[in-house]
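This report looks at a few parts of one protein model. Please have the sequence and the structure at hand while reading.

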Amino acid sequence: MMLSDAMEDEDKWLAEGVAGIQHNAYYMHRALDSNNLREALKYSAQLLSELRTSRLSPHKYYELYMRAFDELRKLEVFFKEEERHGCSVVDLYELVQHAGNILPRLYLLCTVGSVYIKSKEAPAKDVLKDLVEMCRGVQHPIRGLFLRSYLAQISRDKLPDIGSEYEGDGDTVMDAVEFVLQNFSEMNKLWVRMEVQGPTRVRDKMEKERNELRDLVGKNLHVLSQIEGIDLDLYKETVLPRVLEQVVNCKDELAQYYLMDCLIQVFPDEYHLQTLETLLGACPQLQPTVDIKTVLSQLMERLSSYAASSPEVLPEFLQVEAFSKLSSAIGKVIETQGDMPIVGAITLYVSLLTFTLRVHPDRLDYVDQVLGSCVKKLSNKPKLEDSRATKQVVALLSAPLEKYSDIVTSLTLSNYPRVMDHLDNETNKIMAMVIIQSIMTNHAYVSSADKVDVLFELIKALLKIWRLDEEDFNEEQNSVSRVIHVLYNDDPEEMLKIILTVRKHIMAGGPKRLPFTIPPLVFSALRLVRRLHNQDGDVAGEEDPATPKKIFQLLNQTIEALSYVPAPELALRLYLQCAEAANDCDLEPVAYEFFTQAFVLYEEEIADSKAQVTAIHLIIGTLQRTHVFGVENRDTLTHKATGYSAKLLKKPDQCRAVYACSHLFWVDDQDGIKDGERVLLCLKRALRIANAAQQMASVARGNSGPVTLFVEILNKYLYYFEKGNPQITSAAIQGLIELIKTEMQSDTATPDQNSDAFFTCTLRYIQFQKQKGGAMGEKFDTIKL
């Protein structure tokens with residue numbers, strides 16, 4: 001309620017002030033129109049007297065000031081036209097000093113002073129020096145600030161700068177600099193002295209309005225930066241020390257932050273680089289509450305952009321030791337401001353790292369030094385709980401990944417994993433996924449065991465921390481699996497070390513992760529096995545640690561770990577992959593051992609009927625492709641396969657598995673086995689099973705079901721007939737065709753479009769072979785359709 005009352009009072013006082021200005025402006029305009037100088041000065045002084053009020057807030061006072069400013073513009077035009085008022089500018093300069101009150105007197109003096117400088121009847125530096133000294137007469141913060149703002153406004157285009165029409169003899173640039181610096185210092189003192197008192201709501205409002213007036217002070221620094229005569233030496237010796245002295249001595253949080261920011265923004269980057277030590281030396285002297293991290297971040301951003309703009313300036317950064325100075329300054333600021341939140345410190349390190357990566361991308365020691373400083377700051381802290389600080393740490397860790405497309409570069413940074421250790425579990429996972437994504441995006445390869453060890457230390461959160469959400473867990477483990485595929489080295493021994501390193505890490509991740517991580521490791525090892533086999537014919541040497549035999553021993557132990565999950569179907573597939581690779585390396589005992597393990601899993605672990613069907617077909621397919629076995633071992637394995645095929649739960653599954661076993665006795669290679677009799681035995685056995693299936697269907701459902709199995713067996717007969725198996729005769733095929741036709745015409749047969757179409761296509765194929773002619777045509781001619 002009190003705040004609203006105060007605002008209503010301010011509105012009333014402002015309205016009264018505006019009315020007073022408008023009233024006196026009316027009479028001033030009449031005097032100007034009649035060229036009456038005395039009346040014009042009288043009413044203009046009365047008009048300006050309205051600015052003497054102390055009852056308005058800065059925001060409301062600004063509105064009143066702008067009304068008066070507009071009128072002063074008109075008065076200045078009148079002062080310029082001496083023929084209208086008949087008074088020389090020198091006399092006019094003396095005349096306005098007789099105004100009764102100091103504030104109107106000084107506004108009029110500044111207005112005439114502007115005309116005085118333009119007339120060039122006196123050196124600009126003398127008039128400016130006189131005006132800036134005279135303005136000391138007003139020490140009320142708001143009134144004095146706006147008065148000096150008016151002085152800065154009317155003088156900015158009249159400074160005795162190099163190349164200016166007001167340039168005089170002697171060191172005129174120093175006079176311009178001295179004038180602006182003096183006005184700046186006095187304005188800053190007035191701005192700082194603005195007292196903010198009262199209840200919190202009022203104080204907050206006043207502080208906000210005080211902040212809105214900052215540009216009045218900052219304009220002086222902008223004017224300074226526009227003075228052509230200020231070169232690097234003058235800036236270094238005079239301008240910067242004087243500005244920093246004012247900034248440090250004012251001891252006001254708002255002023256220090258704003259002026260440091262303004263200083264960085266308005267002066268050239270080249271000047272900042274050459275005066276870095278002086279500029280940074282002021283930072284620890286600022287108030288502890290000043291947001292110095294933002295100031296330093298902006299400075300480093302400016303310098304980074306400067307470096308990026310032209311490669312020619314990079315030697316300058318090394319010459320002035322920019323990194324060392326920035327790093328030292330940040331350390332001092334963090335040490336001085338002991339209560340600085342951890343997020344503030346990390347933000348500074350992020351900015352320093354960004355600067356380093358842009359200016360000195362080749363200096364990995366600098367990058368690691370920044371990370372090390374961050375580790376030191378975090379060393380006394382537990383796991384980060386501040387979400388903002390965590391976000392900054394992620395930004396810190398992500399920066400090298402974004403800069404260096406080669407992940408190996410980041411892996412050489414010794415402090416990188418130490419920073420990650422301070423993240424909480426969830427953020428650690430997020431960061432690990434970012435690292436993996438970087439590897440995948442940039443198609444990077446990690447080619448040494450040491451680097452692989454570091455990499456898995458970085459992503460260990462994905463291997464050791466349990467996630468309840470199954471979908472997220474699966475995505476994480478699939479990401480780890482993808483990483484394993486990009487670990488590669490041409491040297492077999494180093495590649496084996498990489499495989500052993502990966503195995504060490506994934507085995508520590510618990511059984512639930514193994515179905516995701518073991519397969520890529522196995523395939524990576526099998527790639528190495530085949531490479532070794534192709535490189536060296538003598539692959540059985542025991543002295544060289546990287547031999548196929550030793551790798552297969554390692555793989556056997558690795559796949560065995562899946563039994564703890566349990567994941568027997570996956571383990572069986574991997575055993576068969578290893579068996580096939582051992583076959584390629586002509587290692588019969590090894591291949592036999594892997595097949596044995598696969599059969600043991602089939603017998604003891606795989607109970608689901610569908611899984612059994614899939615498994616037995618995988619075994620049959622792999623065994624059919626192997627050529628390394630002698631007669632005894634092959635017979636043992638094929639006997640096992642056919643035996644298990646005939647013991648499947650469902651008759652159709654038995655039938656298909658048994659006729660698939662026929663391929664174990666007929667391999668269509670030059671040196672492949674071709675045992676026609678055993679092929680025929682398998683096909684006849686499959687036919688008996690198909691008959692049994694038909695009979696069971698007839699008993700159970702009253703119909704014999706479709707003839708699909710018979711058609712499938714017919715196609716196997718045709719395959720072997722075409723391949724030249726002497727045991728497969730046209731008479732046998734003829735009999736099977738007749739059997740199928742009889743079954744299809746049976747009263748108990750179940751009509752099935754797919755089976756009919758399958759059989760029709762098979763007959764069409766036989767007809768096609770008949771018409772083709774040649775030896776094959778003659779062979780098929782014996783089959784009567």
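This is a predicted model: local features need pLDDT of at least 70, side-chain atom pairs count only at pLDDT 80 or more; totals for chains, interfaces and linings use all residues.

| Helix | Residues | Number of residues | First to last C-alpha | Expected span |
|---|---|---|---|---|
| α37 | 708-723 | 16 residues | 23 Å | 22 Å |

For α37, the reach of 23 Å is close to the 22 Å expected at 1.5 Å a residue.

Which residues of α37 are buried? They are L709, F710, V711, E712, I713, L714, K716, Y717, L718, Y720 and F721. After α37 comes G724, which has a positive phi near 95°.

In α38, the buried residues are S730, I733, Q734, L736, I737, I740 and E743.

**The second largest pocket**

The second largest pocket holds about 360 Å³ of space. Its lining is made up of 20 residues, and T626, H627, R634, G672 and I673 are those that lie nearest the centre of the pocket.

Where does the lining come from? Both α33 (609-625) and α34 (631-645) supply at least two residues each. The largest share is that of α34, with 4 residues. By residue type, the lining of this pocket has 8 charged, 6 polar and 6 nonpolar residues.

Note on methods
Residues are numbered from 1 along each chain as its sequence is written. Side-chain values use heavy atoms; hydrogens and water are left out. The expected span of a helix is 1.5 Å times one less than its number of residues. Buried means under 20% relative accessible area, exposed over 50%, partly exposed in between (1.4 Å probe, protein chains only). On a 1 Å grid over the protein atoms alone, a cavity is a set of points where a 1.4 Å probe fits but cannot get out, and a pocket is an open set with protein on both sides within 12 Å along at least five of seven lines; lining residues have an atom within 4 Å of a point. Grid points are joined across faces, edges and corners, and a volume is the space filled by probe spheres set on the points. Ala, Val, Leu, Ile, Met, Phe, Trp, Tyr, Cys and Pro count as nonpolar, Asp, Glu, Lys and Arg as charged, and the others, Gly among them, as polar.
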